[in-house]
Amino acid sequence: MSAAGTVGAVAQVLLVAAGAPLLVGVMRQVRARLEGRAGAGVAQPWRDLRKLLRKEPIAPHGTGVLFRAAPLVLAGAALVAAGVVPLVTTASPLDGIADLFAVIALLALGTVFLALAGLDTATAFGGMGASREMVVLALVEPTILLSVFALSARVGSTNLGEIVTTTLHDPQLVVSPVSLLAAVALAIVTIAETGRIPVDNPSTHLELTMIHEAMVLEYAGPDLALVEWASAMRLTVLLGLFANLFAPWGIAGTSLLMLPVALLAFSAKVVVLGGALAAGEVFMAKLRMFRVPELLAGSFLMALLAVAASFFLAGP
Amino acid sequence: MSGGLYVHALDMAVGALLLAGVLALWRRDLAAIVRLFAVQGAALAALVAVLGLHEGHAATVALAAGILVLRAAVLPLMLRRAMLAGGAFRETEPLVNVASSLVAAALLALLSFAVTRPVVELAPSPATRAVPVALTVVLLGFFVLVTRRRALSQVAGFLMMDNGITAVAFLTTTGVPFIVELGMSLDVLLAVLVLQILTSRIRDVFGDSDLDDLRELHD
Amino acid sequence: MTNPTGAAFCAALALGLLAAAAAALPRRVRPAAVGGATAAAGAAAVAAGLSAMAGRPWSAWLPDLLPLAGVRLAVDPLGGLFIAVTGAVAVCAAVYAAGYSRPGRDGPDAGHGLDGGHGLDGRAVQAMLPLFVLAMLLVPAAASVTTFLLAWELMAITSLLLVVAEHRRRASVGEAGLWYAVMTHLGLVAILAGLAGFAAASHGESFDRLREAADGLPPAVRSAVFVATLAGFASKAGIVPLHVWLPRAHPEAPSHVSALMSAAMVNMGVYGIVRVGLDLLGGGPAWWWLIVLAAGAVSALYGILQAVVATDLKRLLAYSTCENMGLVLVGVGAAGLLSVSGARTMAALALTAAMLHVVNHAGFKTLLFLAAGSVLRATGTRDLDALGGLRSPMPATTALFGVGALMASALPPGSAFVSEWLLLQSLVHALPEGGTVAAVTMPVAVAVVALSAGLAIAAFTKAFGVGFLARPRGAGAERAHESPPAMIAGMVLAAAGCVVAALAPGLIADGLSRAVGVAAAVAGPAADPVTGPVVLRPAGMPSTMSPLLITVALLVAAVVLIGVLRAAAAGRARRRARPWDCGAGPASARMEYTATSFAEPLVRVFDDVLAPDTDLDVTPVEESAYLIDSVRYRTEVADRVEHRLYRPVLAAARWTGRAARPLANGSVHRYVGYGFYAFTAMLIVLAVTR
């Protein structure tokens with residue numbers, strides 16, 4: 001456990017916590033500009049959060065502890081993931097407690113609590129959102145684990161620090177078919193996990209189409225602020241993870257001097273990915289709910305091909 | 001060509017070949033399938049060119065150019081014309097739904113990897129190691145041929161199968177005699193012409209190119 | 001007797017017999033006495049099992065107890081593991097049963113056992129419970145073929161009697177009992193044939209003798225023995241397609257019996273496969289293990305898919321048992337396969353993961369079945385579509401079921417997460433050493449494990465969210481009330497066990513590695529497959545994971561967040577408001593999402609596999625076809641394997657029966673004559689062939 005690692009871990013948690021709403025702001029701004037609108041500014045999500053925090057907390061009749069605990073679990077899981085995943089440093093002291101499987105499961109834990117909260121409201125919307133979210137969650141799982149399989153097979157470990165360090169030392173790995181296929185697969189599941197178009201539309205409030213928004217429909221005030229903030233952190237962590245799995249350059253190891261560079265590099269990578277995602281969304285429509293399995297089956301196929309390629313194309 | 005670059009270029013070309021096949025299975029839009037077929041033809045040409053450059057065969061490189069012209073330009077254009085004339089632009093109802101066919105494709109890929117293992121172990125080289133991928137393309141093309149209803153997507157499936165067979169041939173033998181490849185390509189061209197004529201005849205008679213309608217001939 | 005394992009094991013057996021004798025006590029004290037004694041027997045069994053896993057094996061030969069062969073017992077670490085698991089489940093179930101079997105006090109259908117002497121506190125039912133536990137303790141301790149088969153049959157019969165305990169209350173119980181009786185005895189025939197053949201070929205029937213002789217047997221005999229026993233054991237473990245009895249028998253049995261069957265008895269199937277395949281036969285060719293792996297994978301996927309769509313709470317749990325046993329067999333199959341290709345470290349890891357999953361599954365399935373029994377007792381229904389809103393009337397049961405659901409759904413900090421993590425590690429890292437077979441099977445296995453983990457999350461979210469949260473959907477749920485303390489105590493015990501297993505799996509790592517070491521085929525030269533009390537380190541790879549630290553980190557994060565919220569938020573009091581109802585007046589319980597609607601998208605996605613039977617009936621009013629008078633929608637997801645596979649067999653059996661009817665015309669002379677003809681015919685055959 002190095003001092004640089006500890007400082008880096010704290011720095012990346014703080015950066016994700018503070019920067020996640022800004023990332024959402026950037027993405028909305030990119031979208032607005034491409035659609036010919038002025039946009040509300042990059043800091044608007046933070047202003048929204050401040051406004052929500054000042055409001056009175058409201059809970060629907062008949063909801064219990066779980067409804068109140070769900071935002072906490074969601075945000076807590078995102079924070080822990082932000083500490084574990086090598087975003088800024090590969091030497092996080094938390095790296096050993098959770099590998100890639102555990103990080104994915106941790107994020108799923110937050111989703112499950114949110115789905116339970118949606119069911120707890122006893123409204124049709126809550127149930128609808130929970131049910132759809134569970135479908136996406138269940139179908140995404142095989143792709144994620146197979147991509148992990150493909151990426152970790154060449155490293156011999158599923159620990160994230162290990163995978164990123166290996167890629168850092170051997171950049172040739174990135175332009176192999178294994179990496180490309182796994183990247184396509186992971187990109188699709190990242191979109192599905194973060195509830196972006198074409199799987200879910202984060203800005204819709206139309207009953208027939210919403211997934212995530214239907215689950216959190218009953219949240220208001222500070223609870224809603226927590227949910228929104230947690231969703232933004234989740235997006236940041238997943239984009240950052242994606243970026244560092246395939247382009248880890250700029251990440252800090254055990255040296256303290258690299259940290260500022262790493263922070264900048266991470267922010268740049270996430271902003272570029274987020275911007276690209278937002279720009280892509282302008283040109284796409286949301287898929288019908290029952291076309292989503294096709295998309296996920298496609299990503300599953302990519303992931304499986306990646307695994308197969310990692311074994312069969314590997315030279316002696 | 002240096003060793004590392006050769007392996008990378010080869011892997012990439014084979015990867016593109018496979019990816020185009022997979023995407024063709026995924027898309028319902030016939031125009032997109034035709035475009036993907038063109039991309040696959042280009043990938044095949046690139047594959048042959050890489051092999052030719054590595055071996056230093058000028059004839060193989062020339063053959064690559066021929067493949068490029070035939071499979072990335074001529075055949076797709078013909079398919080496109082057939083599609084425009086046919087008036088059907090979507091593969092509406094495949095016999096096996098898209099999600100299941102993608103999962104089936106995954107299993108087919110594993111199957112071809114398992115089957116070609118002995119071949120690869122016979123003479124392990126970057127080229128033979130890519131043989132399973134090419135075989136997967138063959139199987140995918142076959143699968144498209146079996147499960148799609150539209151005559152046009154079936155033709156595309158047939159052509160993709162042929163792309164795969166060509167790729168297998170080049171990867172295993174490093175250099176098919178020029179004349180053989182020429183004859184094969186001519187065969188394919190002829191087959192497509194015949195199929196095109198057949199398709200248009202079917203359409204004229206039945207007003208549609210859904211091959212399930214052919215069952216009516218039986219009664 | 002100086003051996004602590006033996007002493008504890010004998011104490012367990014004696015206490016079990018004592019508990020069976022306690023059934024003779026008067027009804028007032030009977031449930032408490034039997035429950036207490038059975039729990040003590042279970043505790044002694046846990047001690048015996050743990051002592052064996054700590055490396056103190058015990059064996060005994062009682063030549064006079066049975067004619068011809070005598071009884072041979074041996075508790076080695078592998079058997080000890082299963083004895084400890086069975087004992088622990090028995091403790092929870094017995095404590096729970098003391099409350100569950102008591103006549104209910106709150107109205108006619110609030111509890112069981114109101115119908116004369118045939119309730120759950122009846123003498124016969126009470127005596128069966130300890131005997132069933134006893135039989136399950138004897139199976140993993142048996143060290144000869146006769147002892148094993150006797151214990152196995154005792155287990156089958158006692159469990160069958162317990163399944164049909166409530167046959168006077170519901171007609172479906174009888175049918176479930178019939179299915180179970182037939183399947184379990186067909187399984188017994190397969191095992192009997194396999195083990196008898198094995199014993200005959202190796203000229204001796206003690207397990208030691210079999211072990212010595214196994215190597216010298218011709219491959220065809222070995223394969224025949226393996227396949228026959230595999231079929232029998234897989235049917236006991238509820239592996240698709242031999243699972244049909246399980247989703248019938250488990251829901252219909254009294255809930256503590258369901259817990260015992262689902263958490264302890266099905267394990268015996270796994271035990272049998274490991275004991276015969278990996279220990280006695282000492283491993284075999286790759287195709288054996290491919291069969292095991294494929295059966296496990298099919299079972300995991302099919303089981304969890306059926307669980308996702310099930311609306312009966314106990315049926316859901318029963319199908320989840322099929323899934324979990326499938327995952328265990330994936331681990332066992334992978335272990336066998338890897339040992340064939342020489343990757344011993346990975347093989348040992350896969351088997352360790354499978355064994356850990358057996359332990360974890362036993363824990364959470366006990367808890368879940370007991371909690372489901374508590375719900376059944378309080379509401380009189382198992383139908384999720386009629387449940388809901390149990391949070392306030394049954395806080396303890398709700399919380400405990402919630403813990404169980406979390407443990408079962410492969411999410412941190414759950415216990416299933418730990419074992420599935422280990423399983424995935426062994427599958428993922430098997431690649432470099434495993435060869436082509438591994439390269440083709442492992443990705444598929446990983447995908448299967450992943451998909452079943454994802455669907456399990458959906459299934460348990462449904463069970464907990466629809467069954468316990470929200471508002472009551474039926475009259476039974478509205479009248480619900482909390483269960484008596486003894487039942488809650490049983491569930492708390494199970495929950496405590498689950499939590500310990502989830503947070504500190506390292507505690508039993510030593511015992512597990514000894515248990516795995518018994519399986520000769522995978523016992524590697526390397527160190528323990530998994531090490532580390534806090535941070536789990538699988539051998540042979542740099543991956544690490546620590547469930548305890550993840551939980552601590554989650555708690556710290558939650559506390560920090562609460563602090564930040566306190567500081568940042570306005571600090572105004574929480575207000576209750578009406579949920580959003582689209583302005584159409586207060587939403588009623590009928591507008592809630594039900595279990596059926598929750599699962600509907602998944603039914604559509606897996607349409608090809610589940611083949612649901614759906615009817616849509618639209619009746620227009622007489623005057624116009626465009627005005628709809630009523631719409632009737634009915635959907636049913638039946639067990640497709642049962643329909644496709646068993647229906648034709650049953651129809652054929654019925655046809656044969658009908659065709660053979662003229663043979664039985666009621667004349668006794670004729671029946672005796674059949675016997676005579678058959679006997680003479682046999683003698684003639686003998687005379688001709690010899």
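Which residue in E5(C) is the bridge partner of Ala59(A)? Before I answer, please keep in mind that this is a predicted model, in which local features need pLDDT of at least 70 and side-chain atom pairs count only at pLDDT 80 or more, while totals for chains, interfaces and linings use all residues. Residues are numbered from 1 along each chain as its sequence is written, and chains are lettered from A and ligands numbered from 1 in the order in which they are written.

The partner of Ala59(A) is Arg576(C), and strand E1 (residues 58–60) of chain A pairs with E5(C) in the parallel sense over three bridges; strands are DSSP runs of E with at least two residues, helices are runs of H or I with at least four, and pairing needs at least two bridges.

The contact between these chains takes 66 residues from chain C and 70 residues from chain A, where contact asks for C-beta atoms, placed from the backbone, within 7 Å. On the side of chain C that touches chain A, the elements giving two or more residues include strand E5 (575–577) and helix H16 (431–467), and H16(C) gives the most, with 16 residues. That side divides into 48 nonpolar, nine polar and nine charged residues, with Gly counted as polar.

Turning to chain C itself, helix H13 (residues 344–379) packs with helix H18 (residues 485–503) at an angle of about 155°, their axes 9 Å apart, the axes being lines fitted to C-alpha atoms over the stretch in contact and the angles running from 0 to 180 degrees between N-to-C directions. H13(C) is therefore roughly antiparallel to H18(C), a term for angles over 145 degrees.

Definitions and conventions: Two residues are in contact if their C-beta atoms, placed from the backbone, lie within 7 Å. Angles under 35 degrees count as roughly parallel, over 145 as roughly antiparallel, 65 to 115 as roughly perpendicular and the rest as oblique.
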